[in-house]
Each structure stands twice: as structure tokens, then as C-alpha cells.
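Notebook open. I want to go through this model piece by piece and write down what I look up.

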Amino acid sequence: MARQITNAKPQDMVKTLSSFKKYIGYHKYALSCVAVLVVLSTGINLWGTFQIRTIINRYLLPGDYQGLVSFIIFMIVVYMIGATATAIYKQLMVHTSQKIVKEMRQDLFDKTQKLPIRYFDSHTHGEIMSHFTNDLDTVQDALNNCFDNLIQSFIMIVGTLVLIFVLSWQLSLIVFACMLIMYFLIQYLTKRSKYYFSKQQAALGDLNGFIEEMVDGVKVVKVFNHEQDNIEEFNRRNEILQQAATNALTYSGRTIPSVVSISYLNYAIVACVGGFLTISGFMDLGSLSSYLVFVRQTAQPVNQFTQQLNFILAAMAGAERIFDMMEEKPERDDGQVTLTRVRKHKDGTLYECQEHTGYWAWRHPRDDGSVELVELKGDVRFHDVVFGYEDNVPILKNINLFAKPGQKIAFVGSTGAGKTTITNLINRFYDIHSGSITYDGIDVKLIKKDDLRHSISIVLQDTHLFTGTIADNIRYGKLDATMDEVIEAAKLANAHSFIKRLPNGYETMLSGDGANLSQGQRQLLAIARAAIANPPVLILDEATSSIDTRTEKLIEKGMDRLMENRTVFVIAHRLSTVRNSDAIMVLDHGQIIERGSHDELIAQKGRYYQLYTGQFELD
């Protein structure tokens, strides 16, 4: 199959090469060794072809067969050296290229762990994954197959041109003319094949998207009896793909036959003219023999060099996209306040310790060099907070609220009112534009993000489970948790009963984001994962949205135990889940329009009353 040539080229080659230079630098000695061995191997091939003249003129024509045998033995030794050099540099190139790609992949993954949530909001998962797959594969392919071959092809072209000029400058004029024709023909065919391969890729993506959409929605298709319409639409798109692929492969398939045809024509003309020059005495037979062999092998390195240059440009384009992601600004963290284990004296004072005591404190360095220990309680307060995902479009406007340790604060309101945004600001997924957020009296900007988030657990509406056992997924909230702690957390979330009914219990393997579990079961595991972390602050973002009313009642007692002595922020559309909250905040267009307990808000007969009685519905 013809290899696809894309239009991908780096926008800034100098910058890309500069970034790539770092990885090359780590292996500069190995790559230098590869280059030397390639030069040695290719040079021996050129030397061997050039020595045909010596064999004929010095040994065959004079009849010196003893000298011929000695020279052939010498050439065998030289060729063995070349073959050994080839074997060494091929193996060395494989190991070096894999190391370079491994380092790039590691750096890219490390970068993804440090990027802010904002980056993932503005880039699709497919776009990010393409850096790890398509772009890295293109770089790996170029390193494996093009680096050494490009050097080899270049030396072959230059060496062949120099040697044929030495053998006969008259015949070389014919060869140069044919090589120019060959070059322009390759450029034309490559340009056309690029165009049609781009159309093929677009048509293939369009067809694959249609297939994926129809497979996902097969029930809807059958309900509305659209099978025949889909077949016709598929045939139309498939026809477009066929035409594009046919044209692409036609032009790419013409390249090698056209180059070979020109090389045959070139060989025929040179052989005829060279024979005439030899008969006329302007050229010896040995030189003509060497010359004709060189002419036979000129087409291949020219074709290879052109192809490999395009592959390297495509690889540099992939590397550029990788480096662009690596240059994204990481999540900013200027915090100095950290979490530390503490013990309490009888008088209530705190001191640091290494043992696990169940007590934590904020280690707050002061300007005078002293360190203050502030007990971790979970007191969260917003002071005139203004925030927007875009600088000129505020989402939250002058938000003031407080949550004392152990209180349960609920947020209700229509979609887009700012409920989830508030909770995202507590753990600094985003930084506010103005105002302040304090945690136990400390501005969250002063707290290191890792320590801040260590003290907060979140149960999201969109539950994500990782490949592994159920126990592993629960333990994700506390990696060093014992099996007893895992089971206790599952019982707390009321997940223990359904887990025990599974074939392998807690050792049941999950894959595909827990596709073998119901949505409700997955959320129960997410609640257990939050429970095992035992944080002072808990955020429940539509945590029971996918759990039916019966299951919700079953876990209500467990949730109450989970929320006991913790500061809890609850976001819910189902208002029955927030009735027992200490305070309910009603948001509308980024502002708190009502606040109070359930009874107080019902008595006010405002927006909350309308929502609760069904006079006004949440969007």
C-alpha cells in the first residue's frame, strides 16, 4: 500500500528544531555514532561500485586472475565491514529513537498533569489524545526510518554525482538532465497525491463519524425506521471516499513507475552514448561499466530522499503540536501554606508530629520567620467574589457566603446560574478576579494547591471510574487505605451490598469507565471514594442525580454519617435532597438572590418557594 503523504508542515521550523534539539542532545553521542556508521556503510557501497573499473581495467582485460582473486577477497572484507556497520547503526537507531519518543511521551504526560482545568475546557479529549497517538507515532516513524535513510540517500546522491562526473563528465550531462526531469516529476506527483490524500482523510473522517453516530443511535434509527435512508447516505459518503482514495493512490502509485521509466530511458541513452565513446577511444571499458552501474542506482536515492524529506516535515509538524502543548502555562501555584499532622495538648495548643493522629493543621509561615499552626476545621468564606471564565464576562458577581465547620450549605438555581462554578473556586480549579476566599481564615491563594485539594473531596455528577478493581477505585481517594477501610467506606455509601453480589466482589475488574455497572452503582462508588478520603470539606455536585428515589433513601443515612462534622456544599436539582441543609443559597445569573433554611425560604414565598412548589421549574 502506498504510504500517505499529508500536507502537514511545521509553522515555525526553527522553533520546532530548537525544542527538538533538547531531546537530540540527550543522545547526541549515539546519533553521532549512527551518522558515522551510515557514512561508512554508504561510502563502502559507493567505493565498491567505483572499483568495477579497477577490476575490469587492471585484472580482467590484462588476464591477471591471481590479482583478481586477491582483490575480490579484499572487497569481501570491506563489504563485511560495511554490512557490520549497517547492522550496528540500525539497531542503535531503534534503541535511540525509542528512548527519545519515551522521553517526549513522559514529558507530555507530565505536562498534562500540571495544566489547569481551563486548558481541558478549551481542548477536546480527542485533540489532546492525538498528541499521544498520531503526533508521537509520526515522530517515532521518522526517527526509526528516516534519520539514517535520509543521510544515506543524501550521501548516495552526492557521492554518485561526484563519481560519475569523475568517470565521464560528458555522460554526466545526460544524467543531470534526466535527474532534473525526475525531480520535477516527483514534485508534481507528490503535490497531487498530497491534495487527494487530504481529501481522502476528510472523507474517511466524515464516513467514520457517520458510522459511529449511527451505531450509537441504532435504537433511535430502528424506532423511526430510517435504516434505508442511512444506507443511502452511507453509500453516498462511501462513494466520495472511494473517489478520493482512488485518485490519491493513483497519483502516489505513479511516482515509482515514472521514476523507474525515466531511469531506464536514462540508462539506455547513457549506454548507447557510452558505448560510442568507448569504441571511439574517449572512454575505457572499466569506467563505462562502473558508470552504467551508478546510473542504474541513481533513481532510488533521489526518490527516497524526496519521500523521506516529506515524512520528516510531517514529523516536525507533529512535534510542533506536541511542543506547543508542552509550552502551555502550567497551573499556577504560589502557595506556601501546607498541611501537616499535629497533636493537641490538653490546653488546645498544637504541635507537629509524624504519626497519624487524625488531626491536621495548616502550617502557615509568617514574614518574621515564625510558623503558625492553624487547626484544619473546614471554615470556608467568600468575600465579594467576582469571577468569569472570560475577563469581560463575569459569571459570579459579588458573592458573599460563609460555611462554618460542620455546616451543610446547598446551592440551587437554574442551569448556568453559577452553582458548580462556586465549588470550582473553593479548590482553585480557577482563580477569582477580585474579592477573596478564605479557608480557616487563610486566603486560599496562600495555600499550596496539592494541600488544599487534599483537604477536599468532591463527588461529581459525571462519575469517572478507572480501569482496575472496585477496591482500587474506592482506594483512589486514599491510596494507602487498608481493605477494612475500603469496605467501611463502601458501607458508608451503601455500596457494600451490591458489591458483594458481584461475581468477584471487591476484586471485580472495571473497564470502559465501569460500563458493566449501572449509573447509580457507579455514583455509589464515587461517594465511597470520597468517603475514604475522610476530608473536612465535602462537595456533592449532583451526587445523587443518577440514583433513583428508593436508592437515594437507602443512602441517606450513610450520607448523613459521611457529612457529619464536615463542611458540606451540595448542588442539587432535586430539592428534596437539600431540605435539611443549614443554609440554602438560591442563585440566579451569578448572584445570590435568596438565602436561608428550608423553612425560612418557604416562608418568604420567593423563588425557592416557587421552585419547591413547582410554580417555577429549573432549566
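This is a predicted model: local features need pLDDT of at least 70, side-chain atom pairs count only at pLDDT 80 or more; totals for chains, interfaces and linings use all residues.

**Entry 1: strand S13**

I looked up S13, residues 537-541, with that cut-off in hand. Five of its five residues are buried, so I log the strand as mostly covered. I then checked the directions of the side chains. Val537, Ile539 and Asp541 point one way. Leu538 and Leu540 point the other way, and all are buried.

Next I asked which strands pair with S13. Strand S10, residues 456-459, pairs with S13 in the parallel sense over four bridges. Strand S14, residues 567-571, runs parallel to S13 and is joined to it by five bridges. I followed Leu538 in both directions.

**Entry 2: the open sheet**

I traced an open sheet of four strands in the order S6-S5-S8-S9, with antiparallel pairing. Which strands stand at the edges? They are S6 (396-403) and S9 (442-443); each has a single partner strand, so one side of each is left without a neighbour in the sheet. I looked at one pairing in detail. S5, residues 380-387, is joined to S6 by five bridges, and the two run antiparallel. Val385 stands opposite Ile399 in S6.

**Entry 3: helix H10**

I checked the span of H10, residues 227-279. The helix has 53 residues and reaches 77 Å from its first C-alpha to its last. That is close to the 78 Å expected at 1.5 Å a residue. Where does H10 bend? I find a bend of about 25° at Thr255, and Pro257 follows within four residues. Just after H10, Gly281 takes a positive phi of about 90°.

**Entry 4: a nonpolar patch**

I found a nonpolar surface patch of about 420 Å². Leu40, Val69, Ile73, Val77 and Ile81 make it. Helix H4, residues 65-114, gives the most, with four residues. I picked Val77, which is in H4. Val77 has 45% relative accessibility and so counts as partly exposed.

**Entry 5: salt bridges**

I searched the whole structure and got 17 salt bridges.

Asp148 bridges to Lys90, with the closest N and O atoms 3.2 Å apart. Asp148 lies in H7 (residues 147-167) and Lys90 in H4, so the pair ties together parts 58 residues apart in sequence. Asp148 is buried at 0% relative accessibility. Lys90 is partly exposed at 35%.

Arg321 and Asp135 meet at 2.8 Å, N to O, in a salt bridge. Arg321 is in H12 (residues 299-326) and Asp135 in H6 (residues 125-145), so this pair ties together parts 186 residues apart in sequence. Arg321 is partly exposed at 36%, whereas Asp135 is buried at 4%.

Lys449 and Glu331 form a salt bridge at 3.4 Å, N to O. Lys449 lies in H14 (residues 449-454) and Glu331 in the loop between H12 and strand S1 (338-344), so the pair ties together parts 118 residues apart in sequence. I read 5% for Lys449, which is buried. I read 21% for Glu331, which is partly exposed.

I also logged a network: salt bridges that share partners join Asp206, Glu233, Arg236 and Arg237.

Notes. Residues are numbered from 1 along each chain as its sequence is written. Side-chain values use heavy atoms; hydrogens and water are left out. The expected span of a helix is 1.5 Å times one less than its number of residues. The bend at a residue is the angle between axes fitted to the seven residues ending there and the seven starting there. Patches are made of residues with over 30% relative accessible area and no salt bridge: like charges are joined within 9 Å, nonpolar side chains (Val, Leu, Ile, Met, Phe, Trp, Tyr) within 5 Å. Accessible areas come from the Shrake-Rupley method with a 1.4 Å probe; for residues, only the protein chains shown count as cover. A salt bridge is a side-chain nitrogen of Lys or Arg within 4 Å of a carboxyl oxygen of Asp or Glu. Buried means under 20% relative accessible area, exposed over 50%, partly exposed in between (1.4 Å probe, protein chains only). Two strands pair if DSSP finds at least two bridges between them.
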